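Here's a quick briefing to read with the structure open beside you. Grab your viewer and follow along by topic.

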Amino acid sequence: MSDVLWKGATPGIRCARRLAAWLALAFFSLFPVLRAVAAELPPVVLDGTQPSVPLAQRSLYWVDTGGQLTVQEVEAQQDQLPFAVRSAEHRLLLPDGGALWIRFDAQARGDHSRWELELARSGTDRISLYHRLSNGEWKAQHAGDRLAVSHWAFPDRYPVFSLDPRTDAVVTYWVRIEHARVPFSGTLQIHDHHTLRELRIHQQFLLGAYFGMALLLTATAVANALVFRDTSFAAYAIYITVLGLAMAASLGVAGQFLWPNSAHWNGLAEFVLMPMAAVFGLLFVRQVVQPRRIGRWLDRSALALPAVLAGLILWDTLHPTHGSLQAVTAASAATLALVYAMLWAAWRTGDRWVRWIALGMLPVLLAGALPVMRNVGLISSGFLSQYGMVIAAALEAPLLIYGLLQRSSLQHEAQARARALALTEPLTGLTNRHNFMLRLHDSVVRAQRYGHQSALLLIGLDNHGWFAEQHGREVADRALVITGSLLRSVARDVDTASRVDDSTLALLMEGPVREAQALAAATSIIAGGLRPSVQLPVGTTLKFKIVVALLPDPTPELQQDAQAHLDWLRQALDALRKDPRKAILKLNF
């Protein structure tokens, strides 16, 4: 049948078929050649011209699916094993019990340099470096999360191994990597020792700045929670603490400094703390934005999802499998989506402080997708997947604390106003009549005891009734508020201003006070009222009548009676209002 089809084809088709057959034959015949070329990559020359040398395209890899071969067996069978060139974007999911082998050749030149191999990522289960010494014996170095950091070849944030300093021969290195459940990707680099130390110093400085800021803001939140009894600050402190620990675990800082001797927790920390940060982040947002006022389903979801995610974390901790990790990853992604929904709904309410909270959470929500994408194999481990969350958290922390402080300020401002009603008059914010009378009595008693004089000014807003008749009660009340503000600007820190009836206010100037000071204050009030205000109708000003007296008055009838002094000034003010040519009346000086 095939011969019939071949004979029935046109000459052009037959020519194309022959060409395809020859290309296929040439391609398959080149497999052994390409494999031989891969197996003969040139050695990495370490001569100091490059302080850091990445091993991408300079190393070969092969996956031992059973994970049973030793380095001696791999070395003996390397010509039969399908090693391939490892690229910069290389990532793969190792089978259960499998191991990744990476081989590279290197030769040091120069006796004054020490070279070190670094895997520029944390979270690898186990990594080992093998090479033969000059006497033929094997040297093994180990690191990874299954070991306590104190037992690593070189305790550090990332796995670091020393290379053979020999300069007389090319040394073959074998890297064995075990990494379960999560696709492995990471950059292997050779660094000069001094270059790597300098790089670590810069990294530790920047990370120290973040963790120091997080610690300071956590302490600030705890202090606010205790002082103001605000649970939102407590929720923020817990969230930032767990997020900081998760960042420390994912970057290797915690394993190096917080639990360097705990191998078991070193392997679990990142898988527990990262999703727990999502749990507490969701609970923090729920506490702050109060989704009950937006939608009942949001509030119920914000309670149910953290419980589900916490249960999945417990399952993944007790019985870790690829399926349990994928379930935790999916629940974490759902948590991020729910936080998005709550913040979007809260944003639409228009509260300014909510928008600061939303802006603060946004960088972490965006960066939080990177570990999820890395866990499912969509991206490789790199700068963004390693440091994206830290950068986002550094932007988030101050924005959140600012939003919380704004929210607290609004809440406590309302509470302060409610408490102030016992001391102040609601419209003008001045001291209410009862407290003013107490202070007036105390001032008269002190003046008699110490032999000095204080001053009392009774101020009548003469055109208050006209404002009410011509422009309405709202404008008349606004005139009283402006008058109260004017009295506060004239009063000293020790003086007391009050509204004593509908259109009359008083200013008590604590002694010792001279006559000129009292008159200057009255004159200043008159002048301030005559200045135009944008809050009053065009062409109108405040017209005052002011009675001034020095206290206590020597009249026997008054003595220390505060009410008698006030009635005395009120009678004088009533008489002054009948005189259109006079604005200030002095009573006893």
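Which residue in β10 does Ser128 stand opposite? That would be Arg176. Bear in mind that this is a predicted model, so treat what follows as a reading of that prediction.

**Strand β7 and its partners**

- Let's stay with the strand pairing: β7 covers residues 126-132, and β10 covers residues 171-178.
- These two strands run antiparallel to each other, paired over six bridges.
- β7 also has an antiparallel pairing with β8 (residues 138-143), again over six bridges.
- β7 and β8 make a hairpin, with five residues between the strands.
- Look for Gly136 in the turn of that hairpin, where phi is positive at about 90°.
- β7 is mostly covered, with five of its seven residues buried.

**The nonpolar cores**

- As background, nonpolar side chains in soluble globular proteins tend to be buried together.
- Here the largest nonpolar core takes in 59 residues.
- If you want the residues with the most contacts inside that core, click on Tyr236, Phe284, Leu343 and Met361.
- Helices supplying two or more residues to this core are α5 (193-228), α6 (231-250), α7 (253-257), α8, α9 (296-318), α10 (322-347), α11 (352-375) and α12 (383-420).
- The top contributor is α6, which puts in 12 residues.
- Leaving aside residues up to four places away in sequence, Met361 touches Tyr239, Phe284, Val285, Val339, Leu343, Glu396 and Leu400.
- There's also a second, separate core of 30 residues, and among its members are Leu457, Ile526, Leu536 and Leu550.

**Leu283 on helix α8**

- Leu283 belongs to helix α8, which spans residues 263-289.
- Is Leu283 buried or partly exposed? Leu283 counts as partly exposed because its relative accessibility is 31%.
- Its contacts, once residues up to four places away in sequence are set aside, are Ala302 and Pro306.
- For a sense of distance, Leu283 and Thr220 are 63 residues apart in sequence, and their C-alpha atoms are 20 Å apart in space.

**The largest pocket**

- How much volume does the largest pocket have? It comes to about 320 Å³.
- This pocket is lined by 15 residues, and the ones closest to its centre are Asp125, Arg181, Gly267, Phe271 and Pro320.
- Two elements, α8 and α9, each give two or more residues to the lining.
- α8 has the largest share of that lining, with five residues.
- By class, the lining of the largest pocket splits into five nonpolar, five polar and five charged residues.

**The second largest pocket**

- The second largest pocket holds about 250 Å³ of space.
- It has 13 lining residues, and Phe211, Gly244, Leu245, Ala248 and Leu258 are the closest to its centre.
- α5, α6 and α7 are the elements that give two or more residues to this lining.
- α6 gives the most to the lining of the second largest pocket, at five residues.
- Which classes make up the lining of the second largest pocket? There are 10 nonpolar and three polar residues, with no charged ones.

Key: Residues numbered from 1 in each chain as written. Predicted model: local features only at pLDDT ≥ 70, side-chain atom pairs only at ≥ 80, totals over all residues. Heavy atoms only, no water. Helix = DSSP H or I, 4+ residues; strand = E, 2+ residues; numbered from the N terminus. Buried < 20%, exposed > 50% of the residue type's maximum accessible area, 1.4 Å probe, protein only. Contact = heavy atoms within 4.5 Å. Core = buried A, V, L, I, M, F, W, Y, C linked by side-chain atoms within 4.5 Å. 1 Å grid on protein atoms, 1.4 Å probe; cavity = no way out; pocket = protein on both sides within 12 Å on 5 of 7 lines; lining within 4 Å. Points joined across faces, edges and corners; volume = space filled by probe spheres on them. Nonpolar A, V, L, I, M, F, W, Y, C, P; charged D, E, K, R; others polar. Pairing = 2+ DSSP bridges.
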